[in-house]
Amino acid sequence: MDILQQLSEQLQKGNAEQVAALTKEAISTRLDTRAILDDGLIAGMAVVGERFKVHEIFLPDVLLAARAMYAGLDLLKPLMIKEGIPTIGKVVIGTVRGDLHDIGKNLVGIMLKGAGFDVIDLGKDVPPEKFVDTAVSEEADIIGLSALLTTTMPVMQKVVDLARERGIYGRTRIIVGGAPLSAEYARRIGADAYCFDGIKAVECVKGFVGTR
Amino acid sequence: MISGVIEIDINLITPTVASILTAQDIPEERAADQRTRHLAEQAVNLFSELAVPAGIAAETTKSDFSHIYDGDGGNAAATPLDSIIPAASRLLIFAVTVGQPICDEISALFARNDFAAGAMLDAAASCGADLAADAMEQQCDDELRSVNRMENLSGAMRFSPGYCGWHVTGQRRLFAALKPERIGISLNDSCLMRPLKSVSGVVVVAPHQVFDIDDTYPFCADCRTHSCRDRFATLIQKHDF
């Protein structure tokens, strides 16, 4: 089995130490950085995502795999910067103003990073202006908004309105998520998609970025 | 009736491995998976170590509770409590929490990329908060046994803002009446409680039949648990009504 296959397998098993060791080995043998990322790490996370989708594995397995992925990514990141290797897209995420729930948002961020996206996590209680300002300055492809309270959902509308005012609406897609939300709500406020979990978020974002 | 600051026995609110896995939609058979089991057991241990449970309660009249329940006027047009409250013999507003240290540890675990442990502890803390609220409900129910409960066949069941058509902004008047800040639970402008793993609501004592809720209200379609049915079944079974 070649080293990238081993890397993918160990990531799927959630073995962070093995993934770090194999990533180091792959780098030391001067394997192409992009190949290590795409064919080792991202390939492994893609299998994890598919298995999670069909309920073969469950959240703890996904998160252990993600941790393993991060162990590899931490080693690759300096090389990616040095070689100017871009990520497949940039996503700004956060929990909207007034809301402090962040588990769901964290899981989406983890899954997006695992899929090869550059994720800028603004944290919790984020004002609408910060989402849009960051999306503008970072030239983000996607803004991802999370809310778990019906009282904080209206902030999402403000983000959409601000995105229109700043002229990025349509170019920067807006996805929303959180227990009280729905696809209908997303449509009503002008968001591009409602994503009920991290897997769906990855699918949506890949779809949007892929249509550029 | 219980009232004031309530001591909550941590043993009553420490979740089981099974309940933590169920909370994450992980099937029971996965509890046999060593790695998953270990994560859940670790979460139980962390919960026991870090939980600082606290509760506060106050008995209220139907008229005062109606004012609390009306809140900012955001309730659904028809709710189960519309028929339950008039039948109530006693009403107890309450708030419980598992404390801030667990919430801080969840954030810390995620910050150091220990995502699986963080998510497991989050699930444990949510279970624990629910168990704390159940403990409040149970205390009311236990108290009933000593006062002619069998005559009127009453039971106790809890309801919280944000569920069953009671708008989440109902917490504003509930907090104004109860003042849970005294035990470290605060409410922000968006009606978010801190610590996050807290529960507020009312325990209603009423003839058990009124808790036989028809879960076909419009808002029931969005409910992920329909726990009202399970809780009613438990009430009936517990007291052999």
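Modeller: A salt bridge is a side-chain nitrogen of Lys or Arg within 4 Å of a carboxyl oxygen of Asp or Glu. This is a predicted model, in which local features need pLDDT of at least 70 and side-chain atom pairs count only at pLDDT 80 or more, while totals for chains, interfaces and linings use all residues. Residues are numbered from 1 along each chain as its sequence is written, chains are lettered from A and ligands numbered from 1 in the order in which they are written, and side-chain values use heavy atoms, with hydrogens and water left out.

Biologist: What makes B:E41 and B:R37 a salt bridge?

Modeller: The closest N and O atoms of B:E41 and B:R37 are 3.0 Å apart, and the rule asks for a distance within 4 Å, so the pair qualifies. Because B:E41 and B:R37 are 4 residues apart in helix α3 (residues 34-50) of chain B, about one helical turn separates them; helices here are DSSP runs (H or I, at least four residues), and strands likewise (E, at least two), numbered from the N terminus.

Biologist: Which residues form the salt bridge across the interface of chain A and chain B?

Modeller: The rule finds 1 salt bridge across that interface, and A:D61 forms it with B:R35, the closest N and O atoms being 3.1 Å apart. Over all chains the count comes to 19 salt bridges.

Biologist: How much area do chain A and chain B bury between them?

Modeller: They bury about 2,200 Å², 65% of it on carbon and sulfur atoms, where buried area is the accessible area (1.4 Å probe) that two parts lose on being put together, summed over both. The contact, meaning heavy atoms within 4.5 Å, takes 30 residues from chain A and 28 residues from chain B.

Biologist: Why are α4(B) and α9(B) called oblique to each other?

Modeller: The axes of helix α4 (residues 62-70) and helix α9 (residues 170-178) of chain B come within 6 Å and cross at roughly 140 degrees. The axes are lines fitted to C-alpha atoms, for helices over the stretch in contact, with angles running from 0 to 180 degrees between N-to-C directions. Angles under 35 degrees count as roughly parallel, over 145 as roughly antiparallel, 65 to 115 as roughly perpendicular and the rest as oblique, and α4(B) and α9(B) are therefore oblique. In this pairing, B:H67, B:I68 and B:D70 of α4(B) meet B:G170, B:R173, B:L174 and B:A177 of α9(B).

Biologist: What is omega for the cis peptide bond that joins B:R194 and B:P195?

Modeller: Omega is about 0 degrees there, and B:P195 lies in the loop between β6 (193-194) and β7 (198-207) of chain B.
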